[in-house]
Amino acid sequence: MASETLAIAPTGLSTRSLAERLHEWAVTVDHKRLGILYIGYALVFLVIGGVEATIMRVQLAVPNNHFVSPQVFNRMFTMHGTTMIFFVAMPILFGFSNYTVPLMIGARDMAFPRLNAWGFWMSALGGIILYFSFIGGFGLYGAGSAPDVGWFAYAPLTSPAFSVGHSTDYWIVGLLVSGFGSIATALNVMTTILCMRCPGMKLGRMPLFVWMNTVMAGLVLVAIGPLTAAQLMLLIDRYLGGHFFDTQAGGSAVIWMHFFWIFGHPEVYILVLPAFAIVSEVIPVFSRKPIFGYSIMVAATVSIGFISLGVWAHHMFTVGMTSYANAFFVASTAAIAVPTGIKIFNWVGTMWGGKIIYKTPMLFCVAFLCQFLIAGLTGIMLATAPFDWQLGNSYFVVAHFHYVILGGIVMAVFAGSYYWYPKVLGKMMNETLGKWHFWLFVIGFHLTFDFMHVPGLLGMPRRVYTYEASRGWEIWNLIVSIGVIFQIIGILLWVADVIWSYYKGEIAGNDPWDAWTLEWHTTSPPPEYNYAEIPVIRSRRPLWDLKHPEDPDWKYE
Amino acid sequence: MAAATITVPQSDMPLSANLRGKVGMWCLIIAESAIFSIFVVAYLYYAGKSLSGPTPAQVLDVPYFTSICLFSSSLTILLAEKALHHGNVKRFGVFWFLTIALGVIFLIGTGREWYRLIYQDGLTISTNLFGTTFYSLVGLHAFHVTVGLIGLTVIWLFTLFGAVKQEHSERINVFAMYWHFVDAIWVVVLSVVYFITR
């Protein structure tokens, strides 16, 4: 094969000066480098967002604490939420899809490489604008202050009367700008998948990773627009004296909620579908079986995409909607459990009877399955309007969505990082460190977020900067905060593993996992042009066909 | 790859990479439509909810002439596309210029309407909910017309300098899709603002 005789791409091994190499990264239009940039950028913000979370947990560890002031606490939860959603989860998953999708579909690059670079730098600019508020929140007066309106920034808190200074504007503009970047990237991913597939790769032969990223891109295209529109309206209200969300002039604060959550709920699926995508690649390879129910998985993914556009107001049960609206959103939210349940059964069905190999990526996938299931169950509880009236805006909700994001999405991201690291950098990650990372992080996760449900059930509202002793919340909050320590150590081990393996890891070779999708066909790391010869495929597992010419998949599909 | 020797049946071939411009533009149109739809929903939701005047019925006149101009520009750009497809660059330039002219007339019409609304009728973006939603929605559309006009003008200048040739026909088609979209949005805005809620 032509591709194996080619020299390995010169990443990290070059003799050029540092300035030259940095310049290359800054002007790159290569989807692989942009993917790495996305992930690296997200990791920086992961540390920042993690520090903010830690500050909150220190403050809440014991009652009547004075570690930070209420004002700082408000800024911390606002910045933590905004950062983790827009500048960690989205870019890291965009990074995965940027890096992997063109390789998986046998393309040399994305459909629009320069637009790809533009999308990344817009997202990066958005994060910088948001964090500039720390120093520029009050403009030329010199005093900074981060936004403190919460990550969903409900009206009328964002009106000029209640949000003095410019910190809220940095929040608005930062998200607006990064939203443009997201739309550009989604457009690019969608076009790449539709137009750049190699010969033989029909839609029905695409890896599930690619399918789920297609639906993710579609959701970004329809869901980011409403956020952009709502942010523009808020800017008009704040700077031009508009009345969109100004109740004094007949405007409506509730319509901001609608607009925000029309974006906000599909956003959950924008984040979780790429996580599903990673899991759908890792589980078959480490169970030594093709994915169970490929076409049902595709159908479930597409229906999740559609249903997720019609469930947003389950975030608003406590606002007081009509009984018809409540009934509709309860029903549509419950309906989304059906395709999601199908997926969980299919992943379990893939593992069933397989020769399961418990390497680190698979461990994280198993944790994902268990934790995402529990997250879904508390989701169904909260989707029931009367239950939500009791527990809306309590720590039960906080525990629920962290179960989705940390227990589901982040676990999948960890799995993906161990799975594709050998492809990206050509070295294996260390298994021992990986297992330590896994166990410490999972223990920390469960200490924090299992026990966080309890103060919620006992009535502790979210976003309080402190609480009285003798409410029965003390011990639970202490356990929750202790879990953070384990998570921090886990994350540090992960970082250590990433750095150590880069220098000392075993050489991975093209296909260390004996996997079946096209990205394992090229060298590790792949050359700049991915494939010297564009591959031609005949089934969903082209590398299986190649390795088993006597019993290829295409005979049965 | 070993399978490279096999021939792939036509039905197994994915969409051609040549179509990526069109697919990309469709994606952009979907994303833009999502933005517009929220502004349209806000306009409809707040229709008749202003606490003070002026109301749409008092101050708005249907902009028949400029709307016809904008809609006609979709036709002229189509004729320009056809001319370039057949290699007639001169005819392309003429129709392309007509498209620009019609777009400019539309913008001038909007400007005159806004001048009258602000200085005679006293309606600004902060006057009442009608002002807020009206200027936002119509302004968002006018902004898109402006962006389209900038693109059209750049391409027209390229044509004057002889840089646009028959082989660029497909790219011109992609850009024209954006202009058609801007016209199509005006159908919605016109109906909502000047007919349904007036």
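View 1. S470(A) is exposed, because 8 other C-beta atoms lie within 10 Å; a residue counts as buried if 20 or more other C-beta atoms lie within 10 Å of its own, exposed if 12 or fewer, and partly exposed in between, with C-beta atoms placed from the backbone. This is a predicted model, in which local features need pLDDT of at least 70, side-chain atom pairs count only at pLDDT 80 or more, and totals for chains, interfaces and linings use all residues. Residues are numbered from 1 along each chain as its sequence is written, while chains are lettered from A and ligands numbered from 1 in the order in which they are written. You will find S470(A) in the loop between α13 (431-457) and α14 of chain A; helices (H or I, at least four residues) and strands (E, at least two) are DSSP runs, numbered from the N terminus. The phi of S470(A) is near 70°, a positive value in a residue other than glycine.

**View 2. A buried alanine with positive phi.** A153(A) sits in the loop between α4 and α5 of chain A. Its phi is positive, about 45°, although A153(A) is not a glycine. Is A153(A) buried or exposed? A153(A) is buried, since 22 other C-beta atoms lie within 10 Å.

**View 3. S159(A) and its contacts.** The loop between α4 (113-136) and α5 (167-195) of chain A holds S159(A). With 18 other C-beta atoms within 10 Å, S159(A) is partly exposed. Not counting residues up to four places away in sequence, S159(A) touches D237(A) and D246(A); two residues are in contact if their C-beta atoms, placed from the backbone, lie within 7 Å. S159(A) and G241(A) are 82 residues apart in sequence, yet 10.0 Å apart in space from C-alpha to C-alpha.

**View 4. The largest nonpolar core of chain A.** This core has 208 residues, and those that touch the most other members are I105(A), V220(A), A275(A), V279(A), V282(A), I409(A) and A415(A). A nonpolar core is a set of buried Ala, Val, Leu, Ile, Met, Phe, Trp, Tyr and Cys residues joined through C-beta atoms within 7 Å. Helix α7 (residues 253-287) of chain A gives the most to this core, 22 residues. Beyond its neighbours within four places in sequence, A415(A) is in contact with several residues, including V279(A), V282(A), P361(A) and F368(A). A second, separate core of 8 residues includes A53(A), F77(A), M79(A) and A146(A).

**View 5. Two cis peptide bonds.** In chain A, S524(A) and P525(A) are joined by a cis peptide bond with omega about -10°. P525(A) belongs to the loop between α14 (474-504) and α15 (542-547) of chain A. In chain B, the bond from G53(B) to P54(B) is cis, with omega near -5°. P54(B) lies in the loop between α1 and α2 (56-59) of chain B.

**View 6. Where the two chains meet.** How many residues does each chain bring to the contact? Chain A brings 43 residues and chain B brings 35 residues. On the side of chain B that touches chain A, α1 (20-46) and α5 (129-160) of chain B each supply at least two residues. The largest share of that side, 13 residues, comes from α1(B).

View 7. Over residues 1-10 of chain A, pLDDT stays under 50; pLDDT is the predictor's confidence in each residue, from 0 to 100. Where pLDDT is low, the predicted coordinates should not be read in detail. Chain A averages a pLDDT of 93, and 97% of its residues score at least 70.
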